[in-house]
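I opened this entry to keep track of what I looked up.

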Amino acid sequence: MSFRIDRLALEHLNGAAAVLIGAYSGPPWNENWSLEAAVENVNNTLETPRSIALAAIDGGKVLGIALGTRQRRHAGPVIYLDELSVLPEAQGKGIGTALLSAVFEAAMAEGCNSVWLVSQREGALSKFYQRCGFTIGSNLGLYSKSSA
């Protein structure tokens, strides 16, 4: 499979949303994203100044996306990676690794000193991120409050 990593453009918005829907519809997430919600999620990153929005594209089809926003922390600017998603049928072909590497390179080129993300602490995704050089923060927890 050949693909290239490009900046995500508005012309790829629906393709990027389809990646998000497909990647989250199965295990371990089992989420039911609507096209409207997925488009809004991707578009929010595209509209955020100094964000990083990348796509893995093969023949005009979006196979994977990486969406990150710049944040200022005490030690300098960082990229918070909101989404790294690859179509289920394209997983295991190096697309996620290439996107993650491209995000890190773009972040460093833009003066950021690190890339942060939130994901599962254990399992295949955790192992993937660790293979890509990420470490698990031992002093952080994910907190959530919901009306449902």
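For my counts, helices (H or I, at least four residues) and strands (E, at least two) are DSSP runs, numbered from the N terminus. I am working on a predicted model, where local features need pLDDT of at least 70, side-chain atom pairs count only at pLDDT 80 or more, and totals for chains, interfaces and linings use all residues. Residues are numbered from 1 along each chain as its sequence is written, and side-chain values use heavy atoms, with hydrogens and water left out.

**Whole chain**

I counted 4 helices and 5 strands in the protein chain. Read from the N terminus, their order is β-α-α-β-β-β-α-β-α.

I then looked up the extent. The C-alpha trace spans about 40 × 40 × 30 Å along its principal axes. A compact globule of 148 residues would have a radius of gyration near 15 Å, and the protein chain agrees with its 15 Å. This radius is taken over C-alpha atoms, and the globule rule is 2.2 Å times the number of residues to the power 0.38.

For burial I used relative accessible area: buried is under 20%, exposed is over 50%, and partly exposed is in between (1.4 Å probe, protein chains only). By that cut-off, 38% of the 148 residues are buried.

I took a contact to mean heavy atoms within 4.5 Å. Of the contacts between residues at least 6 apart in sequence, 59% join residues at least 24 apart.

**Helix α3**

Does the span of α3, residues 95–109, agree or disagree with its 15 residues? At 1.5 Å a residue they should span 21 Å, and the end C-alpha atoms are 21 Å apart, so the two agree. The expected span is 1.5 Å times one less than the number of residues.

Which residues of α3 are buried? I found I95, G96, L99, L100, A102, V103, A106 and A107. Down the helix axis they fall within an arc of 160 degrees, so they line one face of α3. The arc is that of the directions from the axis to the C-beta atoms. On the face turned away from the buried side I noted the exposed residues E105 and A109.

The cover over the buried residues of α3 includes β1 (4–7), β2, β3, β4 (76–86), β5 (115–117) and α4 (124–131). After α3 comes G111, with a positive phi near 85 degrees.

**G60**

I placed G60 in the loop between β2 (52–58) and β3 (61–73). G60 has a relative accessible area of 51%, so it is exposed. F3 is 57 residues from G60 in sequence, and their C-alpha atoms are 9.5 Å apart.
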